[in-house]
Amino acid sequence: MAKYAGIARFIFNWGLGTRIVLYCEGLKLNALTLKKFFNDRAKPIYPCAYPKNPVHFFQIFGIVNPSFFSSPSHKQQTSGGSGFALRVAAPKDLMQLADILALSFHGRDGFVNWVYPLLRLGIYEDLKNRLRCRSEHYICLVAETVSGDSGAPERCTSPGECVAGTVEMALRSRLAWQVPSSDYPYLSNLAVHPQYRRLGIARQLLCSCEQTAVQWGFSEIYLHVLENNHAARQLYYQAGYRLQQVDGHWSAWLLGQPRRLFLRKQLIS
């Protein structure tokens, strides 16, 4: 029984990921055509996972929200009367935010392109759970495109084309002998869609989080950045963040992975 349950889960995950990839490439598949695609492509590689009926493929359409499969597009910002506005993230932003985070932290090059849909789905589910939390010390911000005339911006109304960047902030705790020793505001998942980078969006998101941290009653703010992420390190340095410590990990010296730098900024209340 466990064997067939594992096969069913494998088929489900494969079908879900493949459908997202093909949908983004302009191919809209139903359950039967997806099964045919499985027989042609995956069956020779995974013969033990050959399904006896298409029921697992039909489950994809019943369990997963169909709107998740839409691949949000982003318009370039125009110079005339256009800009960006910050607001708190809402559930309707989840698809766009998952896409931005997946593109920013994983990319779509080489083998990653095949597992990208599953990475994006995992990010989607994790972020959905965080947005559901009721903590007063958690916030997820989005930057969205706005346009207007005579200094009165009008929010972009085209669905799936507005969100350009995001950031999260929450309180973290450390052990008594670590610095800082008490709860502190921690930034994470600062990401901007590739089409909107170098327009000051990341700086706006940082500033908004810093203001929120002050409102929470804190005078310092912290974040991590990878040692080889030079663009992000430059952004944080220009914004006033300084090195607090280097987090050592066995993967850094054993596997040659970049170290994580723990940065701090002193806030002015």
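Residues are numbered from 1 along each chain as its sequence is written, and side-chain values rest on heavy atoms, with hydrogens and water left out. As the model is predicted, local features require pLDDT of at least 70 and side-chain atom pairs count only at pLDDT 80 or more, whereas totals for chains, interfaces and linings use all residues.

The protein chain contains 8 helices and 8 strands; these are DSSP runs numbered from the N terminus, with helices being H or I of at least four residues and strands E of at least two. Of its 269 residues, 40% are buried, where buried means under 20% relative accessible area, exposed over 50%, and partly exposed in between (1.4 Å probe, protein chains only). Among contacts in the chain with a separation of 6 or more, 67% are made by residues 24 or more positions apart; a contact means heavy atoms within 4.5 Å.

Helix 4 (residues 94–105) and helix 5 (residues 112–132) have axes that come within 9 Å and cross at roughly 125°. Axes are lines fitted to C-alpha atoms, for helices over the stretch in contact, and angles run from 0 to 180 degrees between N-to-C directions. Helix 4 is therefore oblique to helix 5, given that angles under 35 degrees count as roughly parallel, over 145 as roughly antiparallel, 65 to 115 as roughly perpendicular and the rest as oblique. The crossing of helix 4 with helix 5 is right-handed, that is, the near helix is turned clockwise from the far one by less than a right angle, anticlockwise being left-handed. On the helix 4 side, the contact involves Leu94, Met95, Leu97, Ala98, Asp99, Leu101, Ala102 and Leu103, which meet Tyr116, Arg120, Ile123, Tyr124, Leu127, Lys128 and Leu131 of helix 5. The residues of this contact comprise 12 nonpolar, no polar and 3 charged; Ala, Val, Leu, Ile, Met, Phe, Trp, Tyr, Cys and Pro count as nonpolar, Asp, Glu, Lys and Arg as charged, and the others, Gly among them, as polar.

A search of the whole structure returned 0 disulfides, a disulfide being a pair of cysteine sulfur atoms within 2.5 Å. For Cys133, the closest cysteine sulfur is that of Cys140 at 9.9 Å, which is too far for a bond. Cys209 is likewise in no disulfide, the nearest cysteine sulfur, again in Cys140, being 8.9 Å away. Cys133 is partly exposed at 33% relative accessibility, whereas Cys209 is buried at 1%.

Gly165 lies in strand 4 (residues 163–172) and is buried, with 0% relative accessibility. Leaving aside residues up to four places away in sequence, Gly165 touches Ile100, Leu141, Val142, Ala143, Ala191, Val192, Ile201 and Leu205. Its C-alpha is 8.9 Å from that of Arg197, a residue 32 positions apart in sequence. Thr145, in strand 2 (residues 138–149), is buried at 12% relative accessibility. Thr145 and Ala85 are 60 residues apart in sequence, with a C-alpha to C-alpha distance of 6.4 Å.

Positive phi values occur at Asn189, at about 55°, and at Arg198, at about 65°, although neither residue is a glycine. Asn189 belongs to strand 5 (residues 184–192) and is partly exposed, with a relative accessible area of 26%. Arg198 is in the loop between strand 5 and helix 6 (201–215) and is exposed at 83% relative accessibility.
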